[in-house]
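The structure comes before the details.

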Amino acid sequence: KLKLSVTILSTLIILYLGFIYIVSLFLNSNNFIKISNNFIKTTYNMTSDISGLKVEISPLLSGKITAKNIIIKDDDNVGLDIQNLNTSVSRLKLKNLDADFIYINLDTLNKLKSKKKKDTKKKKAPNINKIPDINIKKIEIVRNEGEKLLISSNQFSIKENNKTKNFDIILNISLDRILHPIVIGEVGSLYIENNKLIAKNFPLSIGKTKVVLNGSIFNDKKIDNFTIKGDKIPVKETLETVLFLQKYGITERKFMENFVDFKGSADVDLVYKDNDLSGVITGNDLFAKFLPFYIPVYCKKAEFFIKNGEVKSFAEGTFGTEKMTHELLIKEMYDKNKKEVFGKVNSKITTALAKKYLPSNIKVKNYLEAEVDYYIKQKRPIAKYYINIPASSGIIINDFHAGIKNKNKKIFAQTQKIDKEFFLKDYRFSVQENNEFKDILYGNGYFKIINGNMTPQYI
């Protein structure tokens, strides 16, 4: 019986080794490459070219897969290009992936995805501990349809050491709607430990704007708990990026185009925890000029408190020569359909301010009480301007009093600036008669910035 068992076992081993040998011969044959090319052609209607393929398999189902070049393309559009691929497999699991160059075109590869049957099953969260060791000398990921995207790296490595997977990466990400490329990496550390992606002093930069991440960015279930900090971030560059978004349909930022010549800096101290971003962004020595008369606005310090999907701020500063207050409230900031922005600015326009900043033919007697309210929802901004003129005050234009002396008066206007054009909509001048304000002047206006000056086209 023992002899029979040994014989059967020996036969099975020989058959298994023979099977491994035959499979290895098949995988290294031209027929396998032809079958692979035909499968991609018939399944996805794309062509492929595989050269220098070599497969090594051991009886323990470990081995290596190498290829000089793998290309998948749709007509003449290359979707995937891998050069000098070298991988190792252990028990049918990928353990190591090396390549000199990987090019991915998302537009082309999305066609592969669209032809696959949709999986209605709920997907499990990825086990990031199972990411193989990776060493890629150069990566390019592009998207040309819709918003253009380019992700590139000349340094992308993930290597395991004592059950910790350490990243050695520098990524450059360019998007149409971002003025400066995003740079990820350069210094600090990023690693996977106990199925958590952890950052230590890991930077993310956009131009001169730089923030540092610390904490567990991602675990096996969701985005985790981490901090975002940055010091002396230049406001000018950040707002230039914000205004640049407008060219790509982000119209909710258009109120900011009423300001130019930004200066100052911001400190960021935020925490992401329990699916909420909280903390404070502190603006220091914030400065801008308010259009159309380039009146300087200044705040020594402005704090923006963030919690439970809301942003709140109250700041005091100066508007030209006068004191100013600014209030801001943003609700439902995570939901673009429900998001609302409320803002209010209060100040006075005095004789001194008018003399210094308004055109010489416009003068102010005593003072005017000014307020700007702005409201944004679903990317639709509304900016409204209110001016109360007490009976003892007034506006003098070309040596004539605007309106009636010794009576309370009001001015209302709605404005919008688009590039170098400034629209004045539905302005009204009202006078109080018997406890009721009546319009005595109303209309619209249009200005253009010519040679740096706001020039009226009609009013």
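## Charges over rings

Arginine 428 has its charged end over the ring of tyrosine 442, 5.3 Å from the ring centre. A charge sits over a ring if NZ of Lys or CZ of Arg is within 6 Å of the ring centre and within 35 degrees of the ring normal. The charged end of lysine 410 likewise sits over the ring of phenylalanine 437, at 4.5 Å from its centre.

## Basis of the model

The model is predicted: local features need pLDDT of at least 70 and side-chain atom pairs pLDDT 80 or more, while totals for chains, interfaces and linings use all residues. Residues are numbered from 1 along each chain as its sequence is written, and side-chain values use heavy atoms, leaving out hydrogens and water.

## Aromatic pairs

The structure holds seven aromatic pairs (rings of Phe, Tyr and Trp, the last by its six-membered ring, with centres within 6.5 Å; stacked under 30 degrees between planes, edge-to-face over 60, the rest tilted). Phenylalanine 342 and tyrosine 375 make a tilted pair, 5.2 Å centre to centre with 50 degrees between the planes. Phenylalanine 342 belongs to strand 21 and tyrosine 375 to strand 23, so this pair ties together parts 33 residues apart in sequence. Strands are DSSP runs of E of at least two residues, numbered from the N terminus.

Phenylalanine 342 is partly exposed at 32% relative accessibility, as is tyrosine 375 at 26% (buried is under 20%, exposed over 50%, partly exposed in between, with a 1.4 Å probe and protein chains only).

## Whole chain

Of the 459 residues in the protein chain, 39% are buried.

Methods. Helix = DSSP H or I, 4+ residues; strand = E, 2+ residues; numbered from the N terminus.
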